[in-house]
Amino acid sequence: MRKRLECAGRRRTRARQRGHVDQVGGDDGGRYSGRFPSRLNIHRAEFAAAVDAAHEGDARVMVHTWGGDSIDWAIEAGATSIEHGIYMTSSQATRAHDAGMTLVPTLTIYRYVREMVVAGKLGGVPLARIADVVAVHEESRSPRQEAGLPLAVGSDFSTPEQHGKNLVEIGSLMRAGLTSAEALLAATRNGATLLNDPDGA
Ligand SMILES: [Zn+2]
């Protein structure tokens, strides 16, 4: 495992120099029931192959997942970041930190989704399910920070009305417990570093 992570680390360094990021979907939890996803739309071997292929092309990989095995596989494979990470465990947070990864929470979009469900504008998503996601996502900030995992601002917005509201996520991070300084760093330095643009140029 260590050797694999070291190899992945070297590939990440090369890829950072090119600045490319690919996206891999792990657990799109919206289609699942239960506390965290029980089925995956991509499996371990496919996951490793996808990340290896990206690295061969000097690209880095961001993994959208709510939790479960795909976070372990993202860490093993040498992915660069986890998006959402709602049900990421403390152990996974520690290992992600040790692998040099970044966590990109997306707090605001799930509040918007909850509002859409309440307003009857979005079918197929149980209100209890999305309410749990909103609550756990905001509560989970502390263990991630204790693990030292860098946080960067995300969005995952999908509708024209949602796009352009990225600044709202800074307030969402503060509501979840980040200090104003931590939230601003997530919106600036940490995101820029993740995108291979540490100077924000
Ligand atoms: Zn996503």
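**Entry 1: helix α3.** I began with helix α3 and listed its buried residues: Ser70, Ile71, Trp73, Ala74, Ile75 and Ala77. I note that the model is a predicted one. After α3 comes Gly78, and I read its phi as positive, near 90 degrees.

**Entry 2: the partner of α3.** I next looked up how helix α2 (residues 44–56) lies against helix α3 (residues 69–77). Their axes come within 9 Å and cross at roughly 35 degrees. I recorded the crossing of α2 and α3 as right-handed. On the α2 side, the contact is made by Arg44, Phe47, Ala48 and Val51; on the α3 side, by Ser70, Trp73 and Ala77. By type, I find five nonpolar residues, one polar and one charged in this contact. I also recalled a general point: an α-helix has 3.6 residues a turn, so residues three or four places apart point the same way.

**Entry 3: the core.** Which residues have the most contacts inside the largest nonpolar core? I found Ala74, Ala79, Ile82, Ala96 and Ala186, in a core of 38 residues. Two or more residues come from each of several elements, including α2, β2 (59–65), α4 (90–98), α5 (107–118) and α9 (180–187). The element that gives the most is α3, with five residues.

I then followed Ala79. Apart from its neighbours within four places in sequence, Ala79 is in contact with Val51, Val61, Met62, Val63, Ala74 and Met101.

Entry 4: Most residues other than glycine have a negative phi. Asp58 is not a glycine, yet its phi is positive, about 60 degrees. I located Asp58 in the loop between α2 and β2. Asp156, also a residue other than glycine, has a positive phi near 65 degrees. I placed Asp156 in the loop between α7 (141–146) and α8 (168–175).

**Entry 5: the whole chain.** Finally I turned to the protein chain, which has 10 helices and four strands. From the N terminus, I wrote the order as α-β-α-β-α-β-α-β-α-α-α-α-α-α. Of the 201 residues, 37% are buried. Among contacts between residues at least 6 apart in sequence, I noted that 57% join residues at least 24 apart.

Technical notes: Residues numbered from 1 in each chain as written. Predicted model: local features only at pLDDT ≥ 70, side-chain atom pairs only at ≥ 80, totals over all residues. Buried ≥ 20, exposed ≤ 12 C-beta atoms within 10 Å, placed from the backbone. Contact = placed C-beta atoms within 7 Å. Axes fitted to C-alpha atoms, helices over the stretch in contact; angles between N-to-C directions. Left-handed = near helix turned anticlockwise from the far one by under 90°. Nonpolar A, V, L, I, M, F, W, Y, C, P; charged D, E, K, R; others polar. Core = buried A, V, L, I, M, F, W, Y, C linked by C-beta atoms within 7 Å.
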